[in-house]
Amino acid sequence: MMVSPECASVAKVGGLGDVVQGLAQELAIRGNNVEVVLPKYDCMRYDHIWGLTKVYEDLWVPFYDQWIHCDVYFGFVDNIKCFFIESNSEHNFFNRGKYYGDKDDVARFAFFSRAALEFMLKSDKKPEVIHCHDWQTALIPVLLYEVYHQLGMGNTRACFTLHNMGHQGITGKEVLQQSGLDVAKLMTAEKMLDPHHHDAVNLMKGGIIFSNFVTTVSPTYAFEIQHTEQGQGLQSILQANSSKLGGVLNGINYDIWNPEIDPFIPHHYNMDSLPNKVKNKQALRQRLMLRDDFKPLIAVVSRLDKQKGMDLILHAIYYALSQQAQFVLLGAAAEDSINAKFWDVKHELNDHPDCHLEIGYDEELAHLIYAGADMLLIPSIYEPCGLTQMISLKYGTVPIVRETGGLADTVFDANYSDKPYEERNGYVFSDVTPLALESAINRAIGLWYKYPRYFRQLRANGMNQDHSWNHSGQDYINIYEHIRA
């Protein structure tokens, strides 16, 4: 059973939702009985749930010194068996019109974690493996070991996946009291006490220590979080648990991200019909009112925040235009101040025939950008895995990335990689500086103009690589078998 705050296509904020969906589907294809447990948000895409039915009406979940009544619903999401937990209380945990962003998020997801385990126990599911995702479900391994092993789930094992160390669930000890856990026993340096905040609980730390195996979403990120500041203060904890830590590269769903069958693009194509990609470029230009000229088109499809290299993106817009390239951006920020910066640039360049900034997110437009752009820029400060570069490779759009996390594991520089030429697929820079960024962009633009045959080969190299869930699915099955034994 997977327990997660997200699962595409019904409840998705970012890559976490895609990962849960893709991995669940791959495991099911391989013959495993897979079920996903989610909160029943009021803002879910209910039109993507088939056969939603209440299946459990009398689930009582501990909450401090009271019990909260819950209902559990079942439905299929993209052929994945999903259970949705609805709480019936004045706390209104999941009827907020949004997935995250409230002051009581920690309490909301701690309650969800306890409710998920209570549902498994009361419905006599007792899965062999519970796979929980990110800080929102980090209490599950703790609760499993401290409470539910003694209640009949002693054979259940926990796998915990770290999607982003930037969010750890650092909070007060009330979360332990709320969940019925022993505060004095758990508030120690060896267990859940945060190493850098006095008298604070770190939920992610608890998940790491109490789970049977910890994964993160790329091999390079697994190294970085142990040995660089990307561990966000938990480096020593991760090193101490390195014997049960591994990096498994995420995959992407080729039923959704595939230019041969994509319903959101006007012209389908593959390696043997690459001229159709040019037709998508023309369609993208028409939609965004860019001039049809002999120029490469560089795109960004991204959340806009510091992690994603916001300042480098802003610099790249002007640099690309100065180098006779077109630039398209699709993205939005959670912070108003960052959105305001990009709106200022949008207004400044509003009449520029080679530039369009779309502040927001539009799934259909994202597909067209992947299909129509020549290059995709991802200048992340850190990137646990990244899915956009894998999508761009499948669409024959050459990625320009910073060398970090999953980007370093999937993009290999056309000029400087030690990979065989047929495995080189993009451009990579290391330093977080405008100069390093310019060098990579300049090399990509130069190849597009001067050596189009080699640029086409880079496209083909990327399209020829397999970033489906096929390999990663087997890696996870190996982990499950290991901890089950």
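This report covers the sheets, salt bridges, surface and backbone details of a predicted model.

## The six-stranded sheet

Six strands make up an open sheet with parallel pairing. Their order is β14-β13-β12-β15-β16-β17. The edges are β14 and β17 (427-429), each of which pairs on one side only. From one strand to the next, the twist averages 15°.

Inside this order, β15 (residues 375-378) and β16 (residues 398-402) run parallel. Four bridges join them. Leu-376 has Pro-399 of β16 as its bridge partner. Helix α10 (residues 310-322) packs on the sheet. The helix touches β12 (297-301), β13 (326-331), β14, β15 and β17. The direction of α10 makes about 155° with that of β13.

## Other strand pairs

Strands pair through backbone hydrogen bonds, and the pairing can be parallel or antiparallel. Strand β6 (residues 129-133) pairs with β7 in the parallel sense, over five bridges.

Strands β3 (residues 50-63) and β4 (residues 66-77) run antiparallel, joined by nine bridges. They form a hairpin with two residues between them. Phe-63 has Gln-66 of β4 as its bridge partner. Tyr-64 sits in the turn.

## Salt bridges

How many salt bridges does the structure hold? The count is 26. One of them links the side chains of Lys-122 and Glu-118, at 2.7 Å from N to O. Both residues belong to helix α2 (residues 105-122). They are four residues apart, so about one helical turn separates them.

A second bridge joins Asp-362 and Arg-287, with the closest N and O atoms 3.2 Å apart. Asp-362 lies in the loop between β14 (355-359) and α12 (363-372), and Arg-287 in helix α9 (residues 275-288), so the pair ties together parts that are 75 residues apart in sequence. Asp-362 is partly exposed, at 27% relative accessibility. Arg-287 is partly exposed as well, with a relative accessible area of 37%.

Lys-419 bridges to Glu-423, and here the closest N and O atoms are 4.0 Å apart. Lys-419 counts as partly exposed at 30% relative accessibility. Glu-423 also counts as partly exposed, at 31%. Elsewhere, salt bridges that share partners join Arg-96, Lys-98, Asp-102 and Asp-104 into one network.

## Surface positions

Tyr-421, Tyr-451 and Tyr-454 form a nonpolar patch on the surface. Together they have about 320 Å² of accessible area. Tyr-451 is placed in the loop between α15 (434-450) and α16 (452-463). Its relative accessible area is 46%, so Tyr-451 is partly exposed.

Asn-92 is in the loop between β5 (80-88) and α2. Asn-92 is partly exposed, with a relative accessible area of 32%. From Asn-92 to Asp-409, the distance is 42 Å, C-alpha to C-alpha. In sequence, these two residues are 317 residues apart.

## Backbone details

Which residues does a cis peptide bond join? The residues are Ala-8 and Ser-9, and omega is about 5°. Ser-9 is found in the loop between β1 (2-3) and α1 (15-29).

Tyr-64 has a phi near 55°, a positive value in a residue other than glycine. Tyr-64 is in the loop between β3 and β4 and is partly exposed, with a relative accessible area of 40%. Asp-199 has a positive phi too, near 60°, and is likewise a residue other than glycine. Asp-199 lies in the loop between α5 (183-186) and β9 (201-202). Its relative accessible area is 40%, so Asp-199 is partly exposed.

How values were computed: Residues are numbered from 1 along each chain as its sequence is written. This is a predicted model: local features need pLDDT of at least 70, side-chain atom pairs count only at pLDDT 80 or more; totals for chains, interfaces and linings use all residues. Side-chain values use heavy atoms; hydrogens and water are left out. Buried means under 20% relative accessible area, exposed over 50%, partly exposed in between (1.4 Å probe, protein chains only). Patches are made of residues with over 30% relative accessible area and no salt bridge: like charges are joined within 9 Å, nonpolar side chains (Val, Leu, Ile, Met, Phe, Trp, Tyr) within 5 Å. Accessible areas come from the Shrake-Rupley method with a 1.4 Å probe; for residues, only the protein chains shown count as cover. Two strands pair if DSSP finds at least two bridges between them. Axes are lines fitted to C-alpha atoms, for helices over the stretch in contact, and angles run from 0 to 180 degrees between N-to-C directions. Contact means heavy atoms within 4.5 Å.
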